[in-house]
Amino acid sequence: DQNGKTVSDTDFAGRYRLVYFGYSYCPDICPVDLQKLMRGLAAFEKSDPARGAKVAPIFITVDPERDTPAALKPFVSRYHPRLLGLTGTPEQIAAVAKAFVVTYNKVPGSAPDRYLMAHSQLAFLMDPDGKPLALLPLDDPTTDPDEGAPPAQGVGSGPGAARRRMAPPGVPDPATWGNRDPALPPAAADEIAASVAGGRVRRRR
């Protein structure tokens, strides 16, 4: 993490996990997404401090080459005091991204160290057992169009659609997980998701 500590999934047992993949050198999308997500989490913490404390916000870089612990520390501190920034070897990042069906690739820039990272633009709410509960749309809830809606027939639309829809062939896009399963989350998960996502939530079937 940003403090140089080795972290594993078991460290979050018993807590909800709010997980977002991105990179600190992102010029536009990632900072805006994190600001929205952490603002929502802060609102939930304010309304219910006890349950808010049970949500672990996690940022996982897709750019381990530049996102060292030293680079992540000031970045995550801008958004929330408890936001955990995770990095690792390229192999470790690839493994965790695959587990979340998140894809990414390097886009060359004007210089070798000025590249961009194209990546899936998704935020996940995981339950205390580490199982997926919901996808949190990263659109603007104050606008009429749902920028986070799945595109018709696989054709992207809306801001950042190319980054949102990058599931590899044969792997279901998490955005198609569907609507609420009554057997799944407790009411707390609904409140967390609604608070963070501004009321727009896709439930996992």
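How do the residues of the lining of the largest pocket divide into nonpolar, polar and charged? The residues of that lining comprise 11 nonpolar, 7 polar and 4 charged, where Ala, Val, Leu, Ile, Met, Phe, Trp, Tyr, Cys and Pro count as nonpolar, Asp, Glu, Lys and Arg as charged, and the others, Gly among them, as polar.

The structure is a predicted model, in which local features need pLDDT of at least 70 and side-chain atom pairs count only at pLDDT 80 or more, while totals for chains, interfaces and linings use all residues. Residues are numbered from 1 along each chain as its sequence is written, and side-chain values use heavy atoms, with hydrogens and water left out.

The protein has 6 helices and 8 strands (DSSP runs numbered from the N terminus: H or I of at least four residues for helices, E of at least two for strands). From the N terminus, the order of elements is β-α-α-β-α-β-α-β-β-β-β-α-α-β. Of the 205 residues, 46% are buried (buried means under 20% relative accessible area, exposed over 50%, partly exposed in between, with a 1.4 Å probe and protein chains only). Among contacts (heavy atoms within 4.5 Å) with a separation of 6 or more, 71% join residues 24 or more positions apart.

The largest pocket has a volume of about 570 Å³. Of the 22 residues that line this pocket, Val7, Ser8, Leu86, Thr87 and Val96 are the closest to its centre. A pocket is an open set of points on a 1 Å grid over the protein atoms alone, where a 1.4 Å probe fits, with protein on both sides within 12 Å along at least five of seven lines; lining residues have an atom within 4 Å of a point. Grid points are joined across faces, edges and corners, and the volume is the space filled by probe spheres set on them. At least two lining residues come from each of β1, β2 (55–61) and α4 (90–99), and α4 gives the largest share, 3 residues.

Gln2 lies in the segment before β1 (16–22) and is buried, at a relative accessible area of 13%. Its side chain reaches the backbone oxygen of Leu83 at 3.2 Å and the backbone nitrogen of Gly85 at 2.8 Å. Beyond four places in sequence, Gln2 touches residues including Pro69, Leu72, Lys73 and Val76.

Pro31, in helix α1 (residues 29–47), is partly exposed, with a relative accessible area of 22%.

Definitions and conventions
Polar contact = N/O pair within 3.5 Å; in protein donor to acceptor, adjacent residues only side chain to side chain.
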